Amino acid sequence: MTIAFVLALFFQVMDEHNIVRKEHGIEFFDIDFKLQDEAAKHARWMARNESLVHSRITYGAENIARANVNPKGILSLWMNSPGHRRNILDKRYTKIGAAVYKSKSGRYYWCVRFK
């Protein structure tokens, strides 16, 4: 995947999260570059290792997925999962970092960090 493609996906994921939050009367997420870097590293690790595993974070929350869907699709999947939905709609979280990486087998690994 090219840098331009990864950046485009990131901004689409951000938009989808903020659309959902707006629908629920919750303030938009702000981009946090530290969370962005952490999400990118974890998504890349999952893709390289073909392993869907949560990282050991000591703050905030994390949504992960292995799904060949677009940003709207990943939000739909997460909004239909109680734990993921709770993270997205949690008013305590105001910052976000998100990433997606494609594995050698063609699977997409998603990681979103919230703080």
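Q: In E3, which residue is the bridge partner of Ile31?
A: This is a predicted model. E1 and E3 run parallel and are joined by two bridges. One of them places Asp30 opposite Lys95. For Ile31, the bridge partner in E3 is Ile96.

Q: What is the order of the strands in the open sheet?
A: The sheet has four strands and mixed pairing. Its edge strands are E1 (30-31) and E2, each pairing on one side only. E3 is joined to E4 by seven bridges. The order is E1-E3-E4-E2.

Q: Which residue in E4 does Ile64 stand opposite?
A: Strand E2 covers residues 61-66. It runs antiparallel to E4 (residues 108-114), with six bridges between the two strands. Opposite Ile64 in that pairing stands Cys111.

Q: Which residue of E4 stands opposite Ala99?
A: E3 and E4 run antiparallel, joined by seven bridges. Within this pairing, Tyr101 stands opposite Tyr109. Ala99 stands opposite Cys111.

Q: Which residue in the turn of the E3 and E4 hairpin has a positive phi?
A: E3 and E4 form a hairpin with five residues between them. The phi in question is about 95 degrees. The residue is Gly106.

Q: Why is E4 described as largely enclosed by the rest of the structure?
A: Tyr108, Trp110, Val112 and Phe114 point one way from the strand. Tyr109, Cys111 and Arg113 point the other way. Buried means under 20% relative accessible area. E4 is largely enclosed because its buried residues number seven of seven.

Q: How many of the six residues of E2 are buried?
A: E2 is an edge strand, pairing on one side only. Even so, the strand is mostly covered. Its count of buried residues is five.

Q: At what angle to E3 does helix H2 run?
A: H2 takes in residues 33-49. The helix lies across E1, E2, E3 and E4. Its angle to E3 is about 25 degrees.

Q: Which element gives the most to the largest nonpolar core?
A: This core has 24 residues, and Ile74, Leu75, Trp78, Ile88, Trp110, Val112 and Phe114 touch the most other members. Two or more residues come from each of H1 (3-23), E2, H3 (71-79), H4 (82-89), E3 and E4. The top contributor, with five residues, is H1.

Q: How many residues are in the other core, which lies apart from the largest one?
A: Its members include Ala40, Ala47, Ile64 and Cys111. Ile64 and Cys111 also stand opposite each other in the pairing of E2 with E4. The size of this core is nine residues.

Q: Beyond its neighbours within four places in sequence, which residues is Trp78 in contact with?
A: Trp78 is among the members of the largest core that touch the most others. Its contacts include Asn63, Ile64 and Ala65. Trp110 and Val112 are also on the list.

Q: Is H3 roughly parallel or roughly perpendicular to H4?
A: The two helices pack with their axes 6 Å apart, at an angle of about 110 degrees. Angles of 65 to 115 degrees count as roughly perpendicular. H3 is therefore, relative to H4, roughly perpendicular.

Q: How many residues in the contact of H3 with H4 are nonpolar?
A: H3 brings Leu75, Trp78 and Met79 to this contact. H4 brings His84, Arg85, Ile88 and Leu89. One residue of the contact is polar and one is charged. The nonpolar count is five.

Q: What is the relative accessible area of Arg21?
A: Arg21 lies in helix H1. Arg21 and Leu89 are 68 residues apart in sequence but 6.3 Å apart in space, C-alpha to C-alpha. Arg21 is buried, with a relative accessible area of 1%.

Q: What is phi of Glu50 near?
A: Glu50 sits in the loop between H2 and E2. It is partly exposed, at 32% relative accessible area. Most residues other than glycine have a negative phi. Glu50 has a positive phi, near 50 degrees.

Note on methods:
Residues numbered from 1 in each chain as written. Predicted model: local features only at pLDDT ≥ 70, side-chain atom pairs only at ≥ 80, totals over all residues. Heavy atoms only, no water. Buried < 20%, exposed > 50% of the residue type's maximum accessible area, 1.4 Å probe, protein only. Pairing = 2+ DSSP bridges. Contact = heavy atoms within 4.5 Å. Axes fitted to C-alpha atoms, helices over the stretch in contact; angles between N-to-C directions. Core = buried A, V, L, I, M, F, W, Y, C linked by side-chain atoms within 4.5 Å. Parallel < 35°, antiparallel > 145°, perpendicular 65-115°, else oblique. Nonpolar A, V, L, I, M, F, W, Y, C, P; charged D, E, K, R; others polar.
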